[in-house]
Amino acid sequence: MLLDWDYMLSKLPLIIDAIPRTLLLVLESAAIGFIIGFLLSIVRSYKIPVLSQLATAYISIFRGVPLLVQMYLVYFGLPDIFAHLNESFAVTFFPTEFNKMFIALLIFSLYTAAYQAEVWYSALRAVDYNQMEAALSVGMTLPQALIRIFIPQALVSAIPNFANLFISLFKQTSLAFTIKVIDIMAVAKMEAGSTYRYLEMYVLIAIVYWILILAFEQLFVYLEKYFSNQKKHRAVSRG
C-alpha cells in the first residue's frame, strides 16, 4: 500500500496541536494587514503629500520582493541593524534577539498589508464620491463618513478579494517554518525527518490545510451574503 493510513492517523494529534498556533499567526497577520492596508489606501486616495509617495513605494517593495526573501531579510537583518545601533550609540536600548513568532507576525502583516491596500484602494474608489460630499455637507466628520458610508459599501465589493488574499496568506504562512516557527508545516517536517515517512506526513498536512481553507471559504461566502443583504436593506429603507 502506498500510504500507511494508520501511521497518518497516529500523527494527526501532533498536527492538530499545531493548528491553533498557525491560525493565530494567520488571523493576527490578516487583521493587522487589514488595518495597515486601509490606512495606506486612505493616504493614497487623498494624495497626502510625501505620505502618498511613501505608501506607493511601500506597496511596490512588498509586492515586488519574494516573501521568503523578505522573511530572511527581517529575520537576519533586524538583529544586525539593532546591534549596530547599540554599538554606534553606546547603548543597549535596541533588542538584538527576537521571538520567532513575532518576526513571522511582523513580516506576514507587512506583506499582506501591501496587497490589502490595493484592494481597499479599488473598493473605496468604486463608491460614489458624491455620497462623501453629501455626508460632509450635513455635518459628518471625515472618519464618521468613512465608517458609516464608505467602508460598509466598499466591503461588499472587496470581500471576494479579501477572501482570496486571506486564503493566499494562509498557504504562505507555511513558510514560517523556515525561521523555526513551530507551525503545521514545521511539525510535519520534523516528524517526517525523524521517521522518513515524508509522503504520509505531507499528504496529511495537505488534507488538514485543505479542510481549514474550505471552512474559511464558507465563512467568506456567508460574510459576502450578509453584507450584500445589509446593503439591500439600507437601499430599501432609503427608498
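Trainee: Which elements each supply at least two residues of the lining of the second largest pocket?

Mentor: A pocket is an open set of points on a 1 Å grid over the protein atoms alone, where a 1.4 Å probe fits, with protein on both sides within 12 Å along at least five of seven lines; lining residues have an atom within 4 Å of a point. Helices are DSSP runs (H or I, at least four residues), numbered from the N terminus. Here α1, α4 (100-126) and α6 each give at least two lining residues. The lining consists of I42, S45, Y46, L124, R125, V127, Y129, L146 and F150. This is a predicted model, in which local features need pLDDT of at least 70 and side-chain atom pairs count only at pLDDT 80 or more, while totals for chains, interfaces and linings use all residues. Residues are numbered from 1 along each chain as its sequence is written, and side-chain values use heavy atoms, with hydrogens and water left out.

Trainee: What volume does the largest pocket have, and which residues are closest to its centre?

Mentor: A volume is the space filled by probe spheres set on the points, which are joined across faces, edges and corners. For the largest pocket it is about 310 Å³. Of its 15 lining residues, F34, F162, F166, F220 and L223 are the closest to the centre. Two or more lining residues come from each of α1 (5-45), α6 (142-172) and α8 (198-238). The second largest pocket holds about 180 Å³.

Trainee: Is E191 buried or exposed?

Mentor: Buried means under 20% relative accessible area, and exposed over 50%, with partly exposed in between (1.4 Å probe, protein chains only). E191, in helix α7 (residues 184-195), has a relative accessible area of 18% and is therefore buried. Its side chain makes a polar contact (a pair of N or O atoms within 3.5 Å, one able to donate a hydrogen and the other to accept it; residues adjacent in sequence count only if both atoms are side-chain atoms) with the side chain of K11, at 3.0 Å.

Trainee: Which residues touch the most other members of the largest nonpolar core?

Mentor: In soluble globular proteins, nonpolar side chains tend to be buried together. A nonpolar core is a set of buried Ala, Val, Leu, Ile, Met, Phe, Trp, Tyr and Cys residues joined through side-chain atoms within 4.5 Å. In the largest one, of 53 residues, they are I15, F108, F166, F170 and I184. Its largest share, ten residues, comes from α1. Apart from this core lies another, of 19 residues, including L124 and F162.
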